[in-house]
Amino acid sequence: MLELSALGRRYGDVVALDGLSFAVEPGQVHGFVGANGAGKTTAMRIVMGVERADAGSVRWRGAPIDAAARRRFGYMPEERGLYPKMPCARQLAYLARLHGMPKAVARERAGAWLARFGLAERAGDKVEDLSLGNQQRVQLAAALVHEPDLLVLDEPFSGLDPIGTDVMVEVLLEQAGRGVPVLFSSHQLELVERVCDAVAIIDAGRLVAHGAVESLRRGDGPDLVRVDVDASAPSWWQGLPGVGLHRAEDGRVLLELGPEADPDAVLDAARAAGSVRHFGLVERSLAERYREVVGDPREAVGQGR
Amino acid sequence: MGAVGLVALRELIERGRSKAFLIANVVIVLAIALGVLASQLLGDPGPTRLAVADEEADALARVLEQQLAVVGGAPVEVLEAADAGAAEALVREGEADLALVGDGEVLADGGVPRALEPLLGLAAQSLALQDAVADLGVPSYLQPRLLEGSLTVTNVGEDDEAPDEASALVAFGAVVALYALLIIYGQWVAQGIVEEKQSRVVEVVVSTVTPTQLLAGKVLGIGLLGLFQVLLIAGAGVAGLLAATDVAPPAGLGGVVALVLAWYVLGYALYAMLFAATGAVVSRVEDLQSAATPVIVVILAAFFASQFALQDPASTAAEVMALVPLTAPLVQPIRGAAGLGSPLEVLAGVALALAALGLLLPVVARVYAGAVLRTRGRLSLREAYRSGSDAPSG
């Protein structure tokens, strides 16, 4: 298990992390979501030891992380980078050996990962001669080649085409399947919702929501009911106990039903107001949940830390 | 294999396979071979052929011959011509290089060789003096004594013999090679550091090994490539020197080669540290040239110092520069080739260089650790040093 506890980091007056704590369980695909500048990259860099924390600590399997433990981590930095003039296979084997693999095993794993990504024929080509998509694949292979105990991937899906995305999802699930905790950051909330077991949402360096995707989506907020009624009085729902307007949607309304609200009473009121075309409980998406805890998700689209 | 070894091995293999390195090796061997060949073809132009038109000219030629024998110049071959016209014809046809046609007149096709001109003047003077002495009525048996000068050379220096031509040649070649290699391989270190920052691969690597291990491996690997080239130059140079028949290999050649190798290692270590610090603080290869300029100026100054020492290896200035860590790598081989430089001086120079290295290493390691992950913009050395104190360590 990877535990981040009370991590703090400042750059001058800018607070990047402010008491961030959460844990990633073995075999868990764990999403890491937040606006640009929320502190995701800083937190991941601290886990990987390439950034210092001002406060707090990171523990791995219950102990502070030493060099030997960290050598068993796999990392994909936000800014991708490989030796551009070094052939793919030699490069992967070199990185595997830096991570402590014996020479023969390192070579074998490098070849196997290239084959897995359909790059067996490009093994002798320099990285700079590959297409961007293929460079991304080699970058992923670089994070995986030493069969890591933990995966930390910063924006692994950015810049991937749909097929690349599928391959990435497949690999993340497969790694989690062999018991590896996988922590990755992303702005693609639908993808996070689809792939992750758990998600941490951070804002301004603080954890604002954390938990299993299912419970996170439901949240502790009111149920939402979408009603489409051919009503002469637009505010037919007013006065019902525990009911408020969440959003008006072009003739339809999205109502918030608090704990004291009675859905049957709402339906009755709707029928009394006019002819009901639609009445249904709305499943909230992670994006909607995100908007509730952070703000407008449109700000979260794009690149950056 | 440890992390430092793996990093060094990568540098050795990737750079050793590069075209730049292979071409450099071929060029070095070819240049030395051509140099030897050229010295064989051009170094011995044969005797200067003198056409003499009369007895007076013949006497002049004989005096010149004696003088040349004394100063060790290229010999002359005397061709007797019937008269001035015949002598001139020999020069025109290229049968003779010069014609002496009496009254101190010299005919040449394209000028008198530089080395010969003052000697011809002296020979003429000497003949005139002989005539004058004879005209004074000095008995013939006394004439030689009147003309004989006497010169006794007493060596008051500590050294038994002055450096000969061959050892000066060796010293010059060694210093030029050292200078070039220190610049080339030092810059490879700086460039390698910046390339890792620019390509962003450094974050992947530093999440596995410490910055100090990465730096040490890089300096070691590139240094070994340079050492290979030093050995190549030394080997080809010594072989060329032995092959060139007109230059006798200087005594103590082996010692000089050993000195060059030792000072390559120390000089490279010192300058690689300076280059590493300059490479660490920039983020783009384009910015490296200006950042590395101060270090290149220092090497250049050391090279000029070594040229000064080559002119006068026994001077006090040369003795001092043989001890200063940044000039010693280029000055000690010169003093060694000149037969100067006691074992004590060599040991003192090495000790000082090692001490300087001991001071430089932790500072550069800290600058590197503080700067290597700052992949944007340029830091000052001071900033890098300061942030190096709390930089993460692997």
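Visitor: How many residues of chain A are in contact with chain B?
Guide: In this predicted model, 23 residues of chain A are in contact with 18 residues of chain B. Two residues are in contact if their C-beta atoms, placed from the backbone, lie within 7 Å.

Visitor: How are the numbers and letters assigned, and what is counted?
Guide: Residues are numbered from 1 along each chain as its sequence is written, while chains are lettered from A and ligands numbered from 1 in the order in which they are written. As the model is predicted, local features need pLDDT of at least 70 and side-chain atom pairs count only at pLDDT 80 or more, whereas totals for chains, interfaces and linings use all residues.

Visitor: New topic: is Gly133(A) buried or exposed?
Guide: Gly133(A) is exposed, because 12 other C-beta atoms lie within 10 Å. A residue is buried if there are 20 or more such atoms, exposed if 12 or fewer, and partly exposed in between, with C-beta atoms placed from the backbone. Gly133(A) is found in helix H5 (residues 132-144) of chain A.

Visitor: Which residues does Gly133(A) touch, beyond those up to four places away in sequence?
Guide: Gly133(A) touches Asp161(A) and Gly164(A). Its C-alpha atom is also separated by 6.7 Å from that of Leu160(A), 27 residues apart along the chain.

Visitor: In what order do the strands of the open sheet come?
Guide: The 4 strands run E12-E13-E11-E14 (chain A), with antiparallel pairing. Two strands pair if DSSP finds at least two bridges between them. The edge strands are E12 (243-249) and E14 (274-282) of chain A, each pairing on one side only.

Visitor: How many bridges join E11 and E13 of chain A?
Guide: Strand E11 (residues 223-231) and strand E13 (residues 252-257) of chain A pair over 6 bridges. Arg226(A) stands opposite Leu254(A) in E13(A).

Technical notes. Helices (H or I, at least four residues) and strands (E, at least two) are DSSP runs, numbered from the N terminus.
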